[in-house]
Amino acid sequence: MNRYLPLAITALAILAMATLFLVIAPGMQIGAQGPSPGLKPYTEAEARGRDVYVSMGCLYCHSQQPRSIAQAPDAERGWGRASVAGDYAYDAPHQLGTMRTGPDLMDIGDRLPSQGWQLTHLYQPRAISSWSIMPAYPFLFEHKDEPGPGDVVVHLPAPYAPETGVIVAKQDALDLVAYLQGMKRQYAPPTDGLRDDGYALIAAQQQKQTDAAKASN
Amino acid sequence: MMSDKMKQDPRLPDETFEPFEESRRIPLPVYWIAIALAIWGVIMLVETSHSTQVADKERAAQNAQDVTATAPVTAEPAAAQGHALFTANCATCHGDLGAGSTGAVPPLAKSDLVQAGGAEAVVRIALRGIDGPIAVNGVTYNGHMPNFASALDDKQLAAISSHVATSFAGAKDGIEPTKVAELRKADAGKDPWAGGAELASAITGLPAQPARPAPAPAMAATQSADVETLVKTGAGYIWACASCHGDKGQGMETTPRLAGLPAAYIAKQLHDFQQGTRFNDSMAYVAKALSEEQIQALAAHYAVMRAPSTARPSLKGDLARGEQIAREGDWSIGVPACFTCHGPSGFGVAPDFPALAAQHPAYTARQLAMWAGGSRHNSPLGLMAGIGKALNDVDRRAVADYLASLAPVPATPKTELAAIDASIPVSEGDAQ
């Protein structure tokens, strides 16, 4: 072990290559994209709700990246179209997530726009789906004897409702729901938006073959 | 004993030994592998970038199509395009030659109304639909036509109307898309024409029209008040219907469009959710809290609702294939045409067959998958299970996307519903 310098230089060069191709180049590509046309910046409530989303660690179970129809039936599940880089323009850090213990939430605002549903579900997921493994978030809610003015009362069936009084949502719960309701990605993506088109060529080739087969029949 | 253990093994290096390595040539196969990997990498890079170009081109084409049409349109001359669009959108009811159907659907060919009103009248009817008696060639029809405002754009409407006016009614001039855009703006959000009388008051020179019908009798006051609360604010521990299904019952994604579905179908589904014969946790939660009266009232509420279509093809399905399945079926895989049961243009046939037109593609495709997998199994005679199993996922997406591109169902007129309501006694028996 006497040639430290060449070893260090080689190691750094390999690291620099990797950084260039995996971090700097994609960063420049994505940086040039800007927000997708149709994507609105977060409102104040939504931005606060996003912070709640981050602090609750929602991304450990929920991804925010629907796949294209060639890769997964996400669109058939109602999870929305495949996302593109511009859809995350206002997300820093993004909440892509890798686990799908729960459903993808990129388009939840279109699929389940109901504030009432979201609040019940956050307070006690088992009140709606007996088999749900999502944790309950009762600490985002408050037990009151009487709802005050402006309080949002949570709809709860008898087994989950308190014996007396009502459950009302704290500001954090309302903000989180506002964020979820705002998760709408129905607008058309930019045509040249960055995305994974890994299978488009194969799909096009297959289409050509079937068309040729049809034409020869 | 002790000395034996301490004795150094001569094969081991002593403690001062420093290991070293002499340089040796890298074996040739390692070079080959490195070169092969590099070549493979370059090929993959080129191929994926090609893939991106292909997909970009596809999307650009798709967007262009979205802008000009939802139905497949090519650069055909306007007349041929008008004919193709007429066949795709109007011919299921009005017939290929515009002859109509005696006693049910007024003719367009040699129609005195079209001759008098020209292409403009056709556009104005298509933009709002009709809900009331209308006289054509001296015969009065119980007019009941959907509006095509959400399904067809200005260019398409112009092409269809020009085709109808010039080929069927002998008019000299068609209509320009810009004029259609003006009419669309003027008629935006209005209810359907209340029969020929209202139409005649807006367009001069039309033949004599029957009088405007009396407004529909209001439903029982208590019922509608109850429904109003249920739909808008929810009651007890159930959420407002509109909070998911939309204030016009238009739905979104996997939340279905309810506007205009047959009342009996809606009631049956709610009963099935209640009894667990149809699975959906959220709907079971709601349905279990509903009383029989509320179910019937909600069914009636949504059956007469009218909402423009908010569904768009979004699953990248092949629309031509979808149209084939919907209109002709595919007997090579044992699938009958959707329209044989669900009615022409997928408008639904009360009481059992829901409307499919303008339903959200994610919902349609998902339900088809659920029929196939058996997690939905509440169709009459188990009809849908076989169809669901026969369609693969490409066909599911194709047919769901095609159905999403259609004009929304003309809702049951309130007058008719009131009559049905009075004649059928409410019973638990129709739950299955």
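## Chain A: burial and overall form

Of the 217 residues in chain A, buried residues make up 32%, in what is a predicted model. The secondary structure of chain A consists of 6 helices and 2 strands, and, read from the N terminus on, these elements follow the order α-α-α-α-β-β-α-α. Chain A has a radius of gyration of 23 Å, whereas the globule rule gives 17 Å for 217 residues, so chain A is more spread out than a compact globule.

Taken along the principal axes, the box that the C-alpha atoms of chain A fill is roughly 70 × 70 × 35 Å. When the contacts in chain A with a separation of 6 or more are considered, 76% of them are accounted for by residues 24 or more positions apart.

## Domains of chain A

The domain assignment of chain A gives two entries, domain 1 (1-32) and domain 2 (40-190), and the C-alpha centres of domain 1 of chain A and domain 2 of chain A are 39 Å apart.

An unreviewed UniProt entry carries the annotation "domain: Cytochrome c" for residues 44-184 of chain A. Over residues 44-184 of chain A, the span is 26% helix and 6% strand, and its end C-alpha atoms lie 16 Å apart.

## A loop residue in chain A

Between helix H4 (115-123) and strand S1 (141-144) of chain A there is a loop, and A:Ser130 is found in that loop. A residue counts as exposed if 12 or fewer other C-beta atoms lie within 10 Å of its own; A:Ser130 has 9 C-beta neighbours inside 10 Å and therefore counts as exposed. From A:Ser130 to A:Val177 the separation is 47 residues in sequence, and in space it is 21 Å from C-alpha to C-alpha.

## Chain B: make-up and domains

Chain B has 432 residues, of which 44% count as buried, and its secondary structure comes to 19 helices and 2 strands. Among the contacts in chain B with a separation of 6 or more, residues 24 or more positions apart account for 68%.

Chain B is divided into domain 1 (78-202), domain 2 (221-308) and domain 3 (319-404). The centres of domain 1 of chain B and domain 2 of chain B, taken over C-alpha atoms, are separated by 33 Å.

## Helix H13 of chain B

Helix H13 of chain B covers residues 292-303, and at 1.5 Å a residue its 12 residues should span 16 Å, which agrees with the 17 Å between its end C-alpha atoms. Because 9 of the 12 residues of H13(B) are buried, this helix is largely enclosed by the rest of the structure. The buried residues of H13(B) include B:Ile295, B:Gln296, B:Leu298, B:His301 and B:Tyr302, and B:Ala297, B:Ala299, B:Ala300 and B:Ala303 are also among them.

## Where chains A and B meet

The contact between the two chains takes 29 residues from chain A and 35 residues from chain B. On the side of chain B that touches chain A, the elements that give two or more residues are helix H2 (28-68), helix H10 (241-245), helix H12 (281-287), helix H16 (361-373) and helix H18 (393-404) of chain B. H2(B), with 12 residues, gives the most to this side of chain B. By residue type, the side of chain B that touches chain A divides into 14 nonpolar, 11 polar and 10 charged residues.

Definitions and conventions. Residues are numbered from 1 along each chain as its sequence is written. Chains are lettered from A and ligands numbered from 1 in the order in which they are written. This is a predicted model: local features need pLDDT of at least 70, side-chain atom pairs count only at pLDDT 80 or more; totals for chains, interfaces and linings use all residues. Two residues are in contact if their C-beta atoms, placed from the backbone, lie within 7 Å. Helices (H or I, at least four residues) and strands (E, at least two) are DSSP runs, numbered from the N terminus. Ala, Val, Leu, Ile, Met, Phe, Trp, Tyr, Cys and Pro count as nonpolar, Asp, Glu, Lys and Arg as charged, and the others, Gly among them, as polar. The radius of gyration is taken over C-alpha atoms; the globule rule is 2.2 Å times the number of residues to the power 0.38. A residue is buried if 20 or more other C-beta atoms lie within 10 Å of its own, exposed if 12 or fewer, and partly exposed in between; C-beta atoms are placed from the backbone. Domain bounds come from an automatic or database domain assignment. UniProt positions are given in the numbering used here, feature names are shortened, and annotations may be inferred rather than shown by experiment. The expected span of a helix is 1.5 Å times one less than its number of residues.
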